[in-house]
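Work through the exercises below with the sequence and the model side by side, and try each task before reading its solution.

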Amino acid sequence: MTEFIITVNKTILMEFLLLGFSDIPDLKPFLFSMLLLVYMMTLAGNGAIIMVTSLEKSLQKPMYFFLCNLSILDICYTSTTMPKMLQTLLTENNSISFNGCVTQMYLFVTFVGTECVLLSVMSFDRFVAICRPLQYSGIMGPKFCINLASISWLCGFMNSLVHTVFTFRLNFCVSNRINDFYCDIPPLLSLACDDTTVNELLLLSIGVFIGWTPFLCIIVSYIYIIITIIKISSANGRKKSFSTCTSHLTVVILYYGSAIFNYVRPVSTYSLGKDRLISILFSIVTPTLNPLIYTLKNKDVIKAMKKYVL
């Protein structure tokens, strides 16, 4: 396929090449099998959570409503990248069209941003449940929960729209080789032959709004939660209260650790060698682990799983 079309004064890029697997040809059959297995596990695990939280009446609570949204997000952003990864490994065709790259990046960044805000919303739910238990049903009503989830999705779509517009207004005239498994902001900016200062400022400034601000809200929520739990007189009461937060806290650490490293840093520090593991953790491992993290110690979800799945 032709990679560039040359016009009178401009070179138009027609496709990109994804180089994430280019230096490990001997491992491609093994990687394809492993990634396919992981992808199926992600779909099955998150799909099961969506099903049981939708069907089981005992799980018709705000906590599980947000968990259902989280599972939908995990399926969405994994499905944005994984099929192309599997195709690349199976056919050795690592090209992606310009429009395909735009679409993939827009959707992926949308789901990533939405999850950042949604995890903050979930921490607020836990804060109200533990610190304001008598007011919980009044505050976390169905309409309010739907509004919180909608705001999370809207933030994700608006964040991605800004980044996509400003990224693809650049000229990619130096190379079309993306040093990653999928189209993402940092590796694309490293290919631009225009000044990317505005893009980097957007990454940092919007990253503060959609990344660091929700993260700080999570920290503040857990400070109040921990203080409240410490004041509980019975050991069983403290253990029960904290157990409802451990799953969410684990997901936050995994997700925010990789998300902040991936986006809120200078593009000049980007390199395939050290960022490949982060990409795998961020886009593949975390969505697969989320269903396990939320079900292993949750008796209500396990009971519902046995009823509807097993």
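The bend at a residue is the angle between two axes, one fitted to the seven residues ending there and the other to the seven starting there. The model used throughout is a predicted one.

**Exercise 1.** Describe the course of helix α2 and decide whether α2 is enclosed or open.

*Solution.* Begin with the length: α2 covers residues 62-91, and its 30 residues reach 44 Å from the first C-alpha to the last, close to the 44 Å expected. Next, follow the axis, where a kink of about 35° lies at S79, shortly before the proline P83. Then turn to burial: 22 of the 30 residues of α2 are buried, so the helix is largely enclosed by the rest of the structure. Finally, step past the helix to E92, which follows α2 and has a positive phi near 60°.

**Exercise 2.** Find which strands are joined to β3, and in what direction they run.

*Solution.* Strand β4 (residues 95-97) is joined to β3 by 3 bridges and runs antiparallel to it, with E15 standing opposite S97. Strand β5 (residues 177-178) is joined to β3 by 2 bridges and runs parallel, and here R177 is the bridge partner of L17. As for the faces of β3, E15 and L17 on one side and F16 and L18 on the other are all buried.

**Exercise 3.** Classify the ring pair of F98 and F168.

*Solution.* The whole structure holds 14 aromatic pairs. In the pair of F98 and F168 the ring centres are 5.4 Å apart and the planes stand at 80°, so this pair is edge-to-face. It links distant parts of the chain, 70 residues apart. F98 and F168 also belong to one aromatic cluster with F16 and F172.

Note on methods
Residues numbered from 1 in each chain as written. Predicted model: local features only at pLDDT ≥ 70, side-chain atom pairs only at ≥ 80, totals over all residues. Heavy atoms only, no water. Helix = DSSP H or I, 4+ residues; strand = E, 2+ residues; numbered from the N terminus. Expected span 1.5 Å × (residues − 1). Buried < 20%, exposed > 50% of the residue type's maximum accessible area, 1.4 Å probe, protein only. Pairing = 2+ DSSP bridges. Phe/Tyr/Trp six-rings, centres within 6.5 Å; stacked < 30°, edge-to-face > 60°.
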